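Please look through the sequence and the structure shown below before reading on.

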Amino acid sequence: MPGAAARPAPGGAAAAVSAPRIDSAALGSLAGAAAAILHLAGALKSTPLGAALPVDLTLLAGALLLPLLAVLGLTRRWWLHPGLGPPLAGAALLWLWLVLAGSWSGSRAILAAKLPEVVLLAPVMLLAGLAVGADAGARRLAVAVTLASGPLVAVSVAVGLATGQVVLGGMAGTAGPDMLRVQYQLAGLAIACAAGLSAVRLVESRGWAGRLLWGGLTALLAAASLLPGGRTALAALVLAVLLVPALRCWSAGAPRRALGWVALAALGAAAALATLLLDEDAASGLRTLERLTQGDLEGSARPALWRAALAWGAETLPWGLGTGGFTPAAGHGERRGLYPHNHLLEAWAEGGVPGLLLWLLAFGGGGLLLLLRCRQVAPARVARIAALVLPVALAAMVSTDLGNRMVWFALGLALSIGVGARRV
């Protein structure tokens with residue numbers, strides 16, 4: 001028959017040169033893993049495994065994230081809710097305003113460090129949060145990385161404190177007090193995010209095996225949060241474990257189950273805390289609990305910084321001190337660690353009235369969008385996004401500054417509730 005000889009035989013030369021097909025859509029989902037690693041890099045670098053890497057984990061994760069985000073964007077069809085407009089406009093205008101406000105700032109070193117984070121890193125992290133939170137595959141990988149990171153960080157903290165040789169990935173005594181405190185805070189946030197996700201899996205479990213597994217992991221992560229000394233991270237964990245599973249139940253149309261979970265979790269937490277407080281031997285070495293019970297709250301510098309931020313914002317109406325200008329104006333010099341420790345107050349003190357209004361539009365709008373759409377989106381998606389966002393949102397109100405990448409990623413995740421993604 002004419003042309004029959006032109007057909008390749010099965011298993012012939014054509015089959016010999018065939019290559020495995022790369023699923024570009026699945027490749028784009030890896031952006032979720034890279035984004036989660038970058039989000040938690042501060043905690044992961046503080047583990048022995050992270051400290052042993054030959055390259056900086058933040059740079060590695062960032063280098064992987066950018067091309068993966070491009071693949072993710074090109075292999076999905078995107079749908080945007082109209083409610084995204086105001087928060088995204090607020091974020092973009094806030095970045096622009098902080099650049100302009102830098103022109104009258106009294107800082108040079110802090111300004112030079114903060115502006116690149118605000119202008120270059122914050123938009124990328126916001127975009128990453130939007131894309132990862134919207135895409136099912138990317139979101140699944142981000143959740144998996146977070147769930148794995150929490151126990152890893154918890155074990156690293158416990159082993160380091162027990163041996164007295166390793167403290168969050170570095171030799172004991174080699175890190176300065178400020179750096180060590182930040183490492184403990186980041187470790188606590190990673191544990192809190194993982195605990196919230198674990199608690200969600202607990203309320204989703206149908207059988208006793210799953211309930212025991214996820215309940216045990218949640219309890220172990222809660223116990224681990226008592227070790228580092230981070231009070232904010234402990235509060236974030238408590239809120240995440242109490243509220244996020246309740247949100248999961250409520251958004252699924254089960255308000256009684258939501259209330260039942262809150263009551264059960266609150267009773268369990270109260271019983272565990274009472275047991276520790278009554279048993280001095282059991283509470284020995286739990287640095288977080290010690291800081292809560294030994295009057296260390298009065299020694300915190302945060303109230304003084306908050307009062308100073310309020311005062312300087314009022315004194316420099318309507319434009320504020322300028323980006324990075326709070327610390328020099330408050331008499332602390334170019335020491336960035338003494339920022340206002342509250343996102344809203346920092347926007348007020350350094351950005352004035354425009355900075356405050358734009359911050360409220362961006363972050364307040366993101367929180368409002370999440371609340372308004374939580375009954376219109378799949379409950380499992382809402383709960384996982386809330387578990388990743390809530391601990392960082394709390395940290396933003398008592399720590400971190402406007403250049404912190406974790407906060408912008410969390411804002412992107414919150415806004416992703418208004419984004420839909422389907423594979424092309």
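The phi angle of T400 is near 65°, which is a positive value in a residue other than glycine. T400 counts as buried because its relative accessibility is 13%, and the limit for being buried is under 20%.

- H341, which sits in the loop between α17 and α18, also has a positive phi, of about 60°, although H341 is not a glycine.
- Is H341 buried or exposed? With a relative accessible area of 11%, H341 is buried.
- The peptide bond that leads from L317 to P318 is cis, and its omega is near 0°; P318 itself is found in the loop between α16 (302–315) and α17 (326–329).

**Overall fold**

- The protein chain is built with 20 helices and four strands, and of its 424 residues 47% count as buried.
- When the contacts with a separation of 6 or more are considered, 80% of them in the protein chain are accounted for by residues 24 or more positions apart.

**The interior**

- As a general background, nonpolar side chains in soluble globular proteins tend to be buried together.
- The largest nonpolar core of this model has 98 residues, and the members that touch the most other members are L65, V153, W261 and W408.
- Which helix gives the most to this core? Helix α10, covering residues 177–204, gives the most, with 12 residues.
- If the neighbours within four places in sequence are left aside, W261 is in contact with A199, L202, V203, V241, L242, P245 and A246.
- There is also a second, separate core of six residues, and among them are L305, L321, L345 and A349.

**The surface**

- The accessible surface of the protein chain comes to about 19,700 Å², and 70% of this surface belongs to carbon and sulfur atoms.
- L357 lies in helix α18, which covers residues 343–373, and L357 is exposed because its relative accessible area is 53%, where exposed means over 50%.
- L74 has its place in helix α6, residues 57–74, and with a relative accessible area of 72% L74 is exposed.

**Confidence in the model**

- The mean pLDDT of the protein chain is 87, and 84% of the residues reach 70 or more.
- Over residues 1–6 the pLDDT is below 50, and this stretch has zero contacts in the model beyond near neighbours in sequence.
- Residues 166–177 also have a pLDDT below 50, but for this stretch the model has 21 contacts beyond near neighbours in sequence.
- Where pLDDT is low, the predicted coordinates should not be read in detail.

Note on methods. Residues numbered from 1 in each chain as written. Heavy atoms only, no water. Core = buried A, V, L, I, M, F, W, Y, C linked by side-chain atoms within 4.5 Å. Buried < 20%, exposed > 50% of the residue type's maximum accessible area, 1.4 Å probe, protein only. Helix = DSSP H or I, 4+ residues; strand = E, 2+ residues; numbered from the N terminus. Contact = heavy atoms within 4.5 Å. pLDDT = per-residue confidence, 0-100. Areas by Shrake-Rupley, 256 points an atom, 1.4 Å probe, with all protein chains shown as cover.
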